[in-house]
Amino acid sequence: MIEIKTSELSDGEFNRGVFAVRDIKKGELIHEAPVISYPNEEHEHIEKTLLADYAFEYGINHSAILLGYGMLFNHSYEPNANYEINFDNHTFEFYAYTDIKAGDEILINYNGDVDIQDPLWFDQEDKEEKDL
C-alpha cells in the first residue's frame, strides 16, 4: 500500500517521504506505527541527537519515537492523511483524510490535527536564528 521514496518536499539529509503504491480511500488505515515512549524530562537527551526532529507528543507527560514508517511522513497544512494515537496498543494509526491516488505522497499536519495552522517548531527555530 505504501513505500518510501525520495520526496521533493524534504530538504533534510535523507529527503524521504511516504508514497501510495495504490489508490487509498478516505478513512482507510494506511499504517500502524509501534511506539517507543519516554518521559518528557528525558527529552533533553534526545534533543542532542537527530531524533529530536522526529519525536511526537505522546500524551501529557511523554514523547515518542515511532517505528515502521511513522517518522517518515512529511508535513503539509493541507494534509491528505491524519493520525490517531492508540494508547491501548501503543501505536500511532495513520488514516487517509482524503482519497489518495497511487503515486501521491502521503502528508500529515505535524501540529497533530488537520486544521491547526500554527507555525512548526523547526520553522520558529529557523526564524529565531535569522533574527539574531
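Tutor: Let us begin with Phe92. Contact means heavy atoms within 4.5 Å. Leaving aside its neighbours within four places in sequence, Phe92 is in contact with His31, Glu32, Ala33, Val35, Phe56, Glu57, Tyr58, Leu66, Tyr83, Glu84 and Ile85. Before we continue, please note that this is a predicted model, in which local features need pLDDT of at least 70 and side-chain atom pairs count only at pLDDT 80 or more, while totals for chains, interfaces and linings use all residues. Residues are numbered from 1 along each chain as its sequence is written, and side-chain values use heavy atoms, with hydrogens and water left out.

Student: Which residues have the most contacts inside the largest nonpolar core?

Tutor: In soluble globular proteins, nonpolar side chains tend to be buried together. A nonpolar core is a set of buried Ala, Val, Leu, Ile, Met, Phe, Trp, Tyr and Cys residues joined through side-chain atoms within 4.5 Å. Buried means under 20% relative accessible area, exposed means over 50%, and partly exposed lies in between, with a 1.4 Å probe and protein chains only. Here the largest core has 27 residues, and Ile24, Ile30, Leu66, Phe92, Phe94 and Ile106 have the most contacts inside it. Two or more residues of this core come from each of strand E2 (16-20), E3, E5, E7 and E8. E3 provides the largest share, four residues.

Student: How are helices and strands assigned, and how many does the chain have?

Tutor: Helices (H or I, at least four residues) and strands (E, at least two) are DSSP runs, numbered from the N terminus. This chain has two helices and nine strands, and along the sequence they follow the pattern β-β-β-α-β-β-β-β-β-β-α. The radius of gyration of the chain is 15 Å, close to the 14 Å that the globule rule gives for 132 residues, so the chain is as compact as a globular protein of that length. That radius is taken over C-alpha atoms, and the rule is 2.2 Å times the number of residues to the power 0.38. Buried residues make up 36% of the 132 residues.

Student: In what order do the strands of the five-stranded sheet lie?

Tutor: Strands of a sheet pair through backbone hydrogen bonds, either parallel or antiparallel. Two strands are said to pair if DSSP finds at least two bridges between them. In this open sheet the order is E4-E5-E3-E8-E7, with antiparallel pairing. Strand E4 (56-57) and strand E7 (81-86) are the edge strands, each pairing on one side only. Two bridges join E4 to strand E5 (residues 62-66) in the antiparallel sense, and Glu57 stands opposite Ser63 in E5. Six bridges join E7 to strand E8 (residues 91-96), again antiparallel; Ala81 has Ala96 in E8 as its bridge partner.

Student: Which residue has a positive phi in the hairpin of E7 and E8?

Tutor: That residue is His90, with phi near 55 degrees, in a hairpin that has four residues between the strands. At 46% relative accessibility, His90 counts as partly exposed. Asn15 also has a positive phi, of about 55 degrees, although it is not a glycine. Asn15 is found in the loop between strand E1 (2-6) and E2.

Student: Is His31 buried or exposed, and which backbone atom lies 2.9 Å from its side chain?

Tutor: A polar contact is a pair of N or O atoms within 3.5 Å; within protein, one must be able to donate a hydrogen and the other to accept it, and residues adjacent in sequence count only if both atoms are side-chain atoms. His31 lies in strand E3 (residues 29-39) and is buried, with a relative accessible area of 16%. A polar atom of its side chain lies 2.9 Å from the backbone nitrogen of Tyr69.

Student: Where does Tyr110 lie?

Tutor: Tyr110 lies in the loop between strand E9 (107-108) and helix H2 (121-131). A polar atom of the Tyr110 side chain lies 2.8 Å from the backbone oxygen of Phe73. The backbone nitrogen of Tyr110 lies 3.0 Å from a polar atom of the side chain of His75. His75 is itself buried, with a relative accessible area of 18%.
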